[in-house]
Amino acid sequence: MNWRKKLLAPKMLIVITTAALTLGTYPLEESTANAAEIKHLDQIRVALFIDSAKYKLIEPVVTLSVAGGLDIGVRSAASAAVKPWISIADASIRMSLDQYSALMLETTDFSAAKALYGKLATLPADGYIISRVKQGKTVYQVYYGSYPTKEAAEGTAAQALKDATVAALTKSTAPAVTGPLHWNAGSYASEAAAQQQLNLFAQAGIQADLALQEDASGQLAYSVFVGSEATAAQLETVKQAVLKAVPNVILQAVNPKSAYLIRKSEATTSVNGATSVPHYASAASDQKTLLHPKSEGITIKERGDRKYRGDMEISTYHDKLALVNEVAMESYLYGVLGSELSAGWPVEALKAQAVAARTFAINQVNKYEIAQVTDTTLDQAYYGILKEFPAGNQAVDATKDEVISDKNGLISPVFSSNSGGVTADPSEVWGNPVAYLRSVTSPDQGAEKGKAVWYRIQLADGRAGYVHSMYLKDSGQKAKDGKAYYEATEQGVNVRLAPYVDNTANPSVAQLANKEKVLVIGQEKESNAYSWIRGPFTASDMKSKLTAAGITVSGDLKTLEISKRGPSGRVTEMKANGVVVKVPYPDALRTVLGGLPSTLFEIEPAGSYTGNTPNSPGLAIAGATTTETSSASADTIYVLSGGQSQPVTLKKTDLTAISTSGVSKPAATTGSNPSGVVPIGQGQQFVFRGTGYGHGMGMSQWGARGYAEIGYDYKKILQSYYAGINITKE
């Protein structure tokens, strides 16, 4: 599965464990599902936001948009049937839980409310602006956080007030903690009747909201909720104020475990405070609120404006808002195919992916307690309707209900984007065998077909980097060793440390002026799913990565060694300063080393001289062919050093090489017998060069494409990657 950036980051993202797919890989959890137990699965539940034991993605307020309108209802405790409470036309609505929150500011000045909200949005919790009318004036209330306890809300508010800007915008006043305690000031058969009562309270300056709930006979009632209090004492104070302003009103305490939806007006996205959207707060109990679109698709802003088929369920799970997409299995698979692969792929590769994805989804059972899967690559990518394409949908339909099983029942058909030419043995990923998984060759090279060439260049100050070939042209000038000087074709051409574009992981380290000349010392294909380069990293960089992953390195990092490989050649053990880097399972080395695409890699020093790329300062690769001249002895080679424009002569004994095991050692010379590990100089840098993207186990998506292109059908593709399996109907 391909790694994709989040378009809109939620307030909290914590990955606890994954199902062993692309970037996060954890030991396989054998499912209790098998062919005898699962005959068919019409619908699947996909967690978009959840606080579970295995995955946390938390957003306290969500924005849902529907063209064509939607129905909102609450699931009955007695059955799964949902009776719509209210229908909404084309709209965007906001939804949250009715929990404890901090009222940071109430003001008639919308610009002041907006400024405070803008600042709070940069802090860890989340906020919003509610508009309401009190005594004929519109006031704006800025809320911050949503928590299951009063103490948690108070703590978050106190932390926010430590920010000088927040303190200034709130005039340093103590926030008022609101909560889920309310009085019901009357229930009515129509919204218009309830609105009359709401207007009465607004004129008296008493805060009240419309609430939807069912009466004793199961009919929808429009209630007037007064107060949103955090304690019983505060609720009693509200009662006295209400009875003083409206003496004849009858107040009944709202049962917080009952089902209800409180409707407010939210002005968070308004430009001047004059417009608002409905904000529904759902009871934070066992309530399950279901949103059903009248046309196809609900868009979730906080998931990068993705549009999903099916219904959305909002509930309280582990005291947090949970948003689950409940969708037909085949509709879910449309989104998976569209997110995992592309429209131009062969139909048999698409079918293979459809069958694998269906089997995988079914076999998760209730992995996330209230959902089978997430919409992320922790399971399989599912980015909604906008990613779908006709050929993918047709592949799903053509393989309807087909799954993969072996003699023990359904398998867990793990897959990755690209296996780098050979799939991984389970021992290289999880550290344990799995009967239907083994290492096999895979035609994955198609991923690098047509990729651009990047030139490896040396700047005037001696630094090396990569530039996309479209931004350089041959100047016609050459260095004394025959290397060509190229010049930039435009102003501000980016120089990057590795041959790919990623402004976060691989930012520009220099920019070339128009027609600036650089020495071209080599070239590489742009890093891709099949072949890639990461780095260079200094010894300090590598120690920081190891430390961030919880690996302790005593003193400076002096050696980094590949000490073991598995059946496919993947790295299964490494040593830092001669000490084994301890990880829970071999594939975790990717994370430890800073997020490498795969564990099928070699380590080489940056700036190494191979005969094609003379550069700085005095490093070589064992086994490389060095360029020697008749005027030099067999024990010398030429390299460019630092900012020098002329090559200098070094003895081979001055060089450092990387052996086939990946250990930094002295470069070999005729008759020598080197032993031990040479210390890494503080200026030395390491480059990781590898193949494959993902854990590499099971089916390779690019390999499936390669097989399809030579005539394999989808069943033969699947049987090439999974041993002893059958493709059957559910």
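**Cavities, burial and a helix**

Mentor: This is a predicted model, and the structure holds three cavities of 30 Å³ or more. The largest cavity has a volume of about 130 Å³. Among its 17 lining residues, D98, Q99, Y128, T178 and K264 are the closest to its centre.

Trainee: What makes a residue part of the lining of a cavity?
Mentor: A lining residue has an atom within 4 Å of a cavity point. The elements that give two or more residues to the lining of the largest cavity are β7 (91-98), β8 (100-107), β10 (137-147) and β17 (277-283).

Trainee: How do the residues of that lining divide into nonpolar, polar and charged?
Mentor: The lining of the largest cavity has five nonpolar, 10 polar and two charged residues.

Trainee: Why is helix α7 called largely enclosed?
Mentor: Buried means under 20% relative accessible area. In α7, 15 of the 16 residues are buried, so the rest of the structure largely encloses this helix. For the protein, 55% of the 730 residues count as buried.

Trainee: How do you know that the length of α7 agrees with what a helix should span?
Mentor: At 1.5 Å a residue, the 16 residues of α7 (residues 347-362) should span 22 Å. The end C-alpha atoms of α7 are 23 Å apart, which agrees.

Trainee: How many helices and strands does the protein have?
Mentor: There are 13 helices and 45 strands. Of the contacts with a separation of 6 or more, 68% come from residues 24 or more positions apart.

Terms used: Residues numbered from 1 in each chain as written. Predicted model: local features only at pLDDT ≥ 70, side-chain atom pairs only at ≥ 80, totals over all residues. Heavy atoms only, no water. Helix = DSSP H or I, 4+ residues; strand = E, 2+ residues; numbered from the N terminus. Buried < 20%, exposed > 50% of the residue type's maximum accessible area, 1.4 Å probe, protein only. Contact = heavy atoms within 4.5 Å. Expected span 1.5 Å × (residues − 1). 1 Å grid on protein atoms, 1.4 Å probe; cavity = no way out; pocket = protein on both sides within 12 Å on 5 of 7 lines; lining within 4 Å. Points joined across faces, edges and corners; volume = space filled by probe spheres on them. Nonpolar A, V, L, I, M, F, W, Y, C, P; charged D, E, K, R; others polar.
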